[in-house]
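This report describes a predicted model.

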Amino acid sequence: MVTTLLLWMLPVATFAEDEEAPVFENAEYNHQCFKCHGQKTYRYYNESMDREMKDRMNPYFIIDSALYYQSNHASFMCTDCHSPEYETFPHAGELRMEQQFACLDCHGGDETYAHYQFERIEEEFQASIHSTKHNEDFTCWMCHNPHTYKINARNNHNIKEVIVYDNNICLSCHADINKYQLLSDEENPSILAAHEWLPNQTLHFSKVRCIECHTEIDKEMLIAHKVCSKEKAVKRCVECHSQNSLLTATLYKFETFEKRNKLGFFNAAILTDHYIIGANRNYYLNVASIVIFGLTLLVIIIHAILRIISK
Amino acid sequence: MESKLYLYPVWLRIWHIINAVLFLVLIATGLSLQYASVDYSFIDFEIAVSTHNIAGVAITIAYFMFVFGNLFTKNGKFYKIKRKGFFSDLFTQIKYYSYGIFVHQKTPFPVTAKRKFNPLQKVSYVGAMYFLFPIMILSGLALIFPEFIVPNVFGFSGIHLTGLVHIISGFGLSIFLCIHLYFCTIGKTPTSNFKSMIDGYH
Ligand code: HEM
């Protein structure tokens with residue numbers, strides 16, 4: 001059981017190594033922070049003892065520089081979001097109280113990012129169960145790690161990777177009691193137990209995302225953000241396992257638009273890459289089977305009639 | 001008429017009735033799954049999935065009963081196809097079914113203790129039981145244990161390919177069943193073959 005959980009959480013960050021590493025203008029500046037925040041241990045000069053000391057870094061404060069430089073905000077200086085006073089060590093105590101930006105502080109009303117519909121996402125998020133129950137504490141950063149978040153569904157054509165990436169976001173709390181309890185004093189309910197009713201759980205969780213079942217579908221958005229209470233979650237199999245599978249409006253949204261126009265028949269997109277009982281109906285097979293079945297019956301009926309007549 | 005032939009041993013009749021019932025269940029649940037819809041449901045999806053799985057495993061076990069029965073009893077010899085005269089015999093039988101039968105000719109391959117099936121029956125039984133059936137069983141088992149499926153075949157989803165193979169072989173067997181049922185009505189009387197399958201005597 002535990003291993004299946006771990007399987008979903010396999011990291012997706014497997015980028016081709018030979019890909020030429022782009023140069024980041026602020027890499028040099030950021031290096032002064034990564035020197036400490038990129039490692040398990042760091043060194044600093046202890047003035048009162050007058051010697052260099054080595055210490056362990058708080059694991060939650062370690063940032064993977066590789067992931068950082070693949071993220072949306074790779075071009076940033078650390079101090080674009082954090083106070084420049086962090087340049088000194090030990091960091092001043094009151095920095096702990098520094099105010100964090102919200103996504104909308106930078107992206108709100110910006111034409112460049114209009115296609116992401118930040119305002120609408122914000123609205124949906126405000127209405128979500130996470131936000132309504134934990135208002136101020138639950139921010140966008142909880143799901144979008146400030147140092148690693150990278151858009152996936154929009155530009156990654158490997159659906160498997162997208163699924164793992166997106167599910168890991170949810171599992172970062174729902175499979176990790178430490179992060180979960182940042183927000184709640186309760187134990188986090190076991191995901192495996194909560195979805196016992198779903199057969200082939202491992203297969204399902206590697207083929208669909210949590211948000212397929214747990215958010216209210218919004219036709220205009222690529223990623224719906226309104227996570228609803230568990231009572232509203234999709235439980236009926238046929239919502240996916242049918243010709244009008246909800247997956248065409250969520251997971252396969254991009255694919256579906258592109259391919260359906262080209263091939264012009266239903267479920268063209270799902271057809272080639274996935275096999276979802278009930279949703280995969282090969283148009284040609286359907287026609288062929290009806291024709292073959294009809295012909296068989298016809299021959300049988302004619303034969304039977306002739307037998308009766310000639311009796 | 002002449003002395004009766006005992007052609008259908010007990011194990012065969014037991015297999016056959018189990019097989020027939022399970023097969024009908026599989027067709028009903030299989031169709032229901034393939035044409036599942038949000039607005040109506042022939043059989044509830046969850047129930048259809050589990051019933052289809054259980055019936056599938058059961059018919060597999062029954063299938064082994066059929067294979068072992070034919071390996072270790074005399075019944076197996078009825079399924080041996082002789083190469084000599086294969087096509088001409090087949091043609092003779094087809095001619096009979098498409099013409100001779102209507103003008104009351106004698107059947108060219110009457111049932112004897114040595115020959116239970118006419119050539120056409122033989123190929124269709126062999127085709128159904130030793131070709132389509134194993135394909136259907138293997139692809140079906142693969143769908144129950146998808147972790148063993150090769151994920152990608154020439155850029156095409158392996159599980160999707162398996163699904164197609166399963167549906168096509170299932171469809172093929174369903175067509176076989178229609179023809180099979182009809183041809184079973186061609187006996188001494190339309191019902192005599194069905195009686196044979198119950199009491200064992202031809
Ligand atoms: C409702 C369903 C069915 C009925 C009423 C039925 C009826 C019969 C009858 C009357 C016979 C004896 C006639 C003969 O020897 O040709 C027979 C034999 C046979 N049937 Fe069926 N059948 C059914 C379903 C099936 C299915 C689903 C299969 C396999 C997929 C099947 C496979 C066979 C085979 C292999 C024999 C020959 C057995 C032997 O003598 O070794 N039947 N069936």
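Ala288(A) counts as partly exposed because its relative accessibility is 33%; buried means under 20% relative accessible area, exposed over 50% and partly exposed in between, with a 1.4 Å probe and protein chains only. The residue belongs to helix H16 (residues 283-309) of chain A. Helices (H or I, at least four residues) and strands (E, at least two) are DSSP runs, numbered from the N terminus. Between the C-alpha atoms of Ala288(A) and Glu28(A) there are 64 Å, and the two residues are 260 apart along the chain.

The model is predicted, so local features need pLDDT of at least 70 and side-chain atom pairs count only at pLDDT 80 or more, while totals for chains, interfaces and linings use all residues. Residues are numbered from 1 along each chain as its sequence is written, chains are lettered from A and ligands numbered from 1 in the order in which they are written, and side-chain values use heavy atoms, with hydrogens and water left out.

In chain B, NE2 of His16(B) and NE2 of His180(B) coordinate the iron atom of the ligand at 1.9 to 2.0 Å. His16(B) lies in helix H1 (residues 10-34) and His180(B) in helix H5 (residues 158-184), so the pair, 164 residues apart, links distant parts of the chain. Donors are N, O and S atoms within 2.8 Å of the metal (3.2 Å for Na, K and Ca); water is not among the atoms, so sites may look incomplete. His180(B) is buried because its relative accessible area is 14%, whereas His16(B), at 21% relative accessibility, counts as partly exposed.

Polar contacts, pairs of N or O atoms within 3.5 Å, also join side chains to the ligand:

| Side chain | Ligand atom | Distance |
|---|---|---|
| His16(B) | nitrogen | 2.7 Å |
| Lys116(B) | oxygen | 2.5 Å |
| Gln121(B) | oxygen | 2.7 Å |

H1(B) gives the largest share of the shell around the ligand, 7 residues.

Chain A is divided into domain 1 (1-100) and domain 2 (103-235), with bounds from an automatic or database domain assignment. Taken over C-alpha atoms, the centres of these two domains are 24 Å apart.

Strands E1 (residues 41-46) and E2 (residues 51-56) of chain A pair in the antiparallel sense over 6 bridges; two strands pair if DSSP finds at least two bridges between them. Thr41(A) has Arg56(A) in E2(A) as its bridge partner. The hairpin has 4 residues between the strands, and Asp50(A) takes a positive phi near 55 degrees there.

Note on methods:
A polar contact is a pair of N or O atoms within 3.5 Å; within protein, one must be able to donate a hydrogen and the other to accept it, and residues adjacent in sequence count only if both atoms are side-chain atoms.
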